[in-house]
Structure formats: structure tokens, C-alpha cells
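Here is a short report on charged pairs and a surface patch in one protein model. Look at the sequence and structure first, then read on.

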Amino acid sequence: MSRPFQMLIGGKWCDSSSGRTLAVLNPATGEQIAVIPEGDAGDVDLAVEAATAAFVRKLWSGLAPGRRSAILWRAADLIDQRARELAELETLDNGKPLTAALGMDLPMAASVFRYWAGWCTKIAGTAPVVDLPGDFAAMTVKEPVGVVGLIVPWNFPLLNAAVKLGPALAAGCTVVLKPAEQASLTTLCLGEILLEAGVPPGAVNIVTGLGAVAGARIAEHPGIAKISFTGSTAVGKQLIAASQGNLKRLTLELGGKSPAIVLPDADLSRAVPAVANGIFRNAGQICAAASRLLVHRSLFDQTVEGIVQLARQHVLGDGLDPSTTLGPVISQAQFRRVLGMIEDARQAGGDIITGGGAVERPGYFVEPTVIAGVSATKGIAVDEVFGPVLVALPFDDAEEAVQLANTTEYGLSASIWTRDIGQAHRLARAVHAGTVTINSGMIAGPGLPFGGFKQSGWGREGGAEGLDAYLETKTIVTSF
């Protein structure tokens, strides 16, 4: 790839202050396709300075709400205009099939910016009653929290950047964004788009680099008021510790081990393809992947066999090949981790019904895998894999299904498959998960609050709840 990639600080494109770079690898081949700056703590400091100056001068929040709305809408239009280019770049950088990037990631990223563009003119306070002797008038106003740090994962790089930037900018905050070092390229292109759309210099800054260095500095920086992070639970806990110095607000969207609960009256013609798609899409690298299949014993063999047949139909290959339906995992480290967890399950007596190995070709390809016969309370049945690996477990009644669903430390999402809607809603209330779908795979969108129970995170992204995380409420009382 001939074009250079630089960081965005204060409206200017720059290399890292150290001059160091990181190699960008195509996970479908293992070959280098680009280099990005290896930003460090000093570069984060410069970005925070630029974001602080823009916030203090109200270069962004001081614009009329309608003007900010128009800029975000313009950003969405520019994403649409560059969709093919960005999708191809996402495929090279992340490995996902081009059809997925073009069909979902890019349209959804544009939709996210349009959704948040609508919020810019609708942020308002209230006029509460003062229940005290005297003559008072009270009002609340909403104000942006200040400079925010956004730390984006590698599984949906551009889309996740949009999901975090949208509410932050709608609220009037300024931003220091760090994309994942494994997949930064489309996020840097998004910086170009935002500048072209009219976002003022310093309002959005993008620092590439290692999470342990640049990300750690964002977490501890006293000039950052809030962090939104998507990633592993282990790193989320590190952020909590690092951010205590100035009591940063935190939105944490962390790990998951989401159950798909198939009851005895389920419509398998809908459930089977949805569950298969929910675990194998994006090579299983989705926080809300349906990685645990809980099936009533009467349907267990039939359901598992249906998913196995769909798994075997996948064509693994380079995402730019139109015949490819399943791409690689993101890196050699992730490749080894996923295969290691499968082998541990095998050694523990698990039945590898299909898959379970690597694909003999360049790149980091793991076969779509279905495992049964493992303990429901330990190992691969409860630990997040983040790969194309499904664990199937039988149950005998609804009470046992709920118990199994709630066994893990996670609580991000779940799906319930049944024709009995009353039963479905009873189970939906009993399952410890932030999102529960009924007779559907995972549904997400900018207007739907998304986040987890337990160790799947803090707070919500999306909708009014997601916006409020970037706003302070100020109460003003006047005595007459």
C-alpha cells in the first residue's frame, strides 16, 4: 500500500514524536500492508492539549447545534461516498469479507453519524419545582463533560469508532481517540472525513500506538474527563485502576459469553441459521457472539447437526475474494489463543464435532468449530474465546436453561427461541444480560442502549443513555 498513514493532532497530520512506527499486517496473508505511527505518552499529551484548547475555546461546542448536526450528517455522506475504498481497506486491515464490510460496517457507520446528528438539536434541560418556602425558579442545563478518551477495538474498527465518536461529538465534547494497533487504517481515514466535513481542528484527535503505552496514558491522563472503552474484561479492570486519579467517568463494553437458548417448541428453521451466523460471522470476533448454544435435550442432536452443516459450508479465504464467507482471526496471537482453547477442550474430553483446527494456508484461519461434551461450568463453556467456536450444552427444563445461561461472569447478550412469547419474556427477565432478543439473533443500532451486566461492563452505548454519559447536568436556581 503506497499511501502514508499519520496521526491526527490539532487538525494536522503527523508522525509519532519518537519517529517509531508499527507494521500493519493483513491477517489473511500475514504480510505487511502499511505502517502507522507508534504514538506514545508524549503524543497522547499533545493530543490532550489540542483537545483541551479546542474545548476551552468552544471551537466545537460553541457552534450552533444545527451547525454541528449538519457537520455530522456531512460526515455520514462522505462515508457513503468513500464506502468502496473504506470497505476494501477494512478487509485488508481486519480480514473480514468485503461483502460484510460493504453490506454492514460502512452503511451502519454512516447511519450512526446520522442518528447522532439528530440529537445535536435535542439536548435540553428541565424546569424542576423547588419545594421550599419562597419564590424560586429552577432549571437544569446539559453541558459536555469535556475532553474524552475513546479506545476502539479491532473487530469493527470504523463502525466502533463511529459508535463512540457520534455521541461524544453530539454532546459537544472534544476527543482523543486511539484505534486498536491491529486495525487502525479506516479510523485514520475517518479523521480525514471529519476534517472535510467541517469538524474544527483539535475537536477530534487520533493517536495510533500500543494499548499498553498510548492507551495506558489516556487512562491515567488528568486532562481527560471520561473514557469509553470496548475490549476485554481484563483490560477494562486495568482502566478502572488507572483512571482513579481524577475519577474519570467510564463506559466499558467488555467481554461476553452469550447464550442462545433453544426451547422445545422453537422454530429451528429460524434458530439454526441465526445461531450459526451469530457465532461464525466476523470469525466469531464479536463481543456479543452467540458462543454458547443451550438446547432442550429433545432437540439437541437436530439443532447441533443443523449448525454443523452450516459451519461446513463456509468458504474460508481472503476477504477480497467474492467467494469468501469467513475470514481469518485478527493476528497470530489471537490465532494461537483460539487454537489453544480448542485443544484444552479436547484434552478435557470435549467432542470436537466439526472444525477444531487451523486451515492450511497463509494467514490466521481457524476452522468453524462446534464442541459438545464439556463441563458447563468451566473452561471453554464459560471463558470468552473470541473466535469461530460454539459450545453446545443440553438442558432438561427452563429453570436449568436459566441456570446455565447465568453461569458465567459475563452478561452482555442472550437470545431465546420459542413460540411461547409469555415463556420467552419470563426467561428474558430471568437471564442476566444487557440485551435479550426473542426469536432473533443479536440486534443492535444507535438508538438501542447496549452494554452488559456483571463483568461485561459499565454503562450503555446508544440512545439517550449513551448520550447522557457525555453530559453533565447543572442545576441553576434563582430566588425572586
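## Charged pairs and a nonpolar patch

Arg217 is buried, with a relative accessible area of 19%. The cut-off for buried is under 20%, so Arg217 falls inside that class. Keep in mind that this is a predicted model.

Which residue does Arg217 meet in a salt bridge? The partner is Asp45, and the N to O distance is 2.7 Å. Asp45 sits in helix α1 (residues 41–56), while Arg217 sits in helix α7 (residues 211–220). The two are 172 residues apart, so this pair links distant parts of the chain. Asp45 is partly exposed, at 23% relative accessibility.

Why can such pairs form at all? Side chains of opposite charge can pair when their charged atoms come close.

The structure holds 18 salt bridges. Three of them are set out here.

| Salt bridge | N to O distance |
|---|---|
| Asp45 and Arg217 | 2.7 Å |
| Lys96 and Asp105 | 2.5 Å |
| Arg249 and Glu472 | 2.9 Å |

Take Lys96 and Asp105 next. Are these two partners buried or exposed? Lys96 is buried, at 2% relative accessible area. Asp105 is buried too, at 1%. Their side chains meet in a salt bridge at 2.5 Å, N to O.

Now turn to Arg249 and Glu472. Their side chains also form a salt bridge, at 2.9 Å from N to O. Where do the partners lie? Arg249 belongs to strand β10 (residues 249–253). Glu472 belongs to strand β21 (residues 471–479). Arg249 counts as partly exposed, at 28% relative accessibility. Glu472 is partly exposed as well, with a relative accessible area of 38%. Both values lie between the 20% and 50% cut-offs, which means that neither residue is classed as buried or exposed.

Some salt bridges share partners. Which residues do they join into one network? They are Arg3, Arg82, Glu85 and Glu192.

The surface also has a nonpolar patch. Leu132, Phe136 and Val477 form this patch. Together they have about 270 Å² of accessible area. Phe136 lies in strand β5 (residues 136–144). At 30% relative accessibility, Phe136 counts as partly exposed.

Terms used: Residues are numbered from 1 along each chain as its sequence is written. This is a predicted model: local features need pLDDT of at least 70, side-chain atom pairs count only at pLDDT 80 or more; totals for chains, interfaces and linings use all residues. Side-chain values use heavy atoms; hydrogens and water are left out. A salt bridge is a side-chain nitrogen of Lys or Arg within 4 Å of a carboxyl oxygen of Asp or Glu. Helices (H or I, at least four residues) and strands (E, at least two) are DSSP runs, numbered from the N terminus. Buried means under 20% relative accessible area, exposed over 50%, partly exposed in between (1.4 Å probe, protein chains only). Patches are made of residues with over 30% relative accessible area and no salt bridge: like charges are joined within 9 Å, nonpolar side chains (Val, Leu, Ile, Met, Phe, Trp, Tyr) within 5 Å. Accessible areas come from the Shrake-Rupley method with a 1.4 Å probe; for residues, only the protein chains shown count as cover.
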